[in-house]
Amino acid sequence: MGLPGLASGGLIFWLSVTLVRRGDTMGARIRRGLARGEFRVVYQPIVRLADGACLGGEALVRWQQRDGSMISPDRFIPVAEAEGLIERLTDEIIEHVFAHLGTFLAARPSPWTAIHLSASHVEPDRVPGRLDRLRKTPGVAAAPTRLEATEPTLVAAPPSPN
């Protein structure tokens, strides 16, 4: 295992260094994807089972590559958080939601849209302020928007007895 193991380890190291030098890390790919507008928002409806009424929907981000393939959010969200790109990605999602649904929601004020946020990387006043500015856009003022934190650490544990 000595020489073959050393050779394969060297090859993996060389490949890793080459990819980093070429800027082909996931973080670099996310930056390019943001610049190219590759991130899309899809909507998952929230339906009341009793009568089938659509109560609202969740805005979910998807990363569609130039070749049409998709990269799963569980692969790019942690990297976006680690690389400090989550705020740019969140801004992109919010812009998409209001561009797509602003007029629709203003005409039908009862459905709402939930936008998932990574609580640990979004300043508390920043996103609500951005939403308030977007709501002042003509035709968007009535659009109800919910912000949902995706961090499981926000769930408070019951206090321990002393």
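**Exercise 1. Determine which residue forms a salt bridge with Glu83, and locate both partners in the chain.**

Solution. Step 1: Glu83 forms a salt bridge with Arg31, and their closest N and O atoms are 3.5 Å apart. A salt bridge here is a side-chain nitrogen of Lys or Arg within 4 Å of a carboxyl oxygen of Asp or Glu.

Step 1: The pair links distant parts of the chain, 52 residues apart: Glu83 is in the loop between α3 and α4 (86-107), and Arg31 is in helix α2 (residues 26-36). Helices (H or I, at least four residues) and strands (E, at least two) are DSSP runs, numbered from the N terminus.

Step 2: Glu83 counts as partly exposed at 39% relative accessibility, and Arg31 is likewise partly exposed, at 35%. The classes are buried (under 20% relative accessible area), exposed (over 50%) and partly exposed (in between), with a 1.4 Å probe and protein chains only.

The model is predicted: local features need pLDDT of at least 70, side-chain atom pairs count only at pLDDT 80 or more, and totals for chains, interfaces and linings use all residues. Residues are numbered from 1 along each chain as its sequence is written, and side-chain values use heavy atoms, with hydrogens and water left out.

**Exercise 2. Describe how strands β1 and β2 are arranged.**

Solution. Step 1: Strand β1 (residues 39-47) and strand β2 (residues 54-64) pair in the antiparallel sense over 9 bridges; two strands pair if DSSP finds at least two bridges between them.

Step 1: The bridge partner of Val47 in β2 is Cys54.

Step 2: The two strands form a hairpin with 6 residues between them, and Gly52 in the turn has a positive phi of about 75 degrees.

**Exercise 3. Identify the buried and the exposed residues of helix α3.**

Solution. Step 1: In α3 (residues 73-82), Phe76, Ala80 and Glu81 are buried. Seen down the helix axis, the buried residues fall within an arc of 135 degrees, so they line one face of α3. The arc is taken over the directions from the helix axis to the C-beta atoms.

Step 1: On the other side of α3, Asp74 and Ala82 are exposed.
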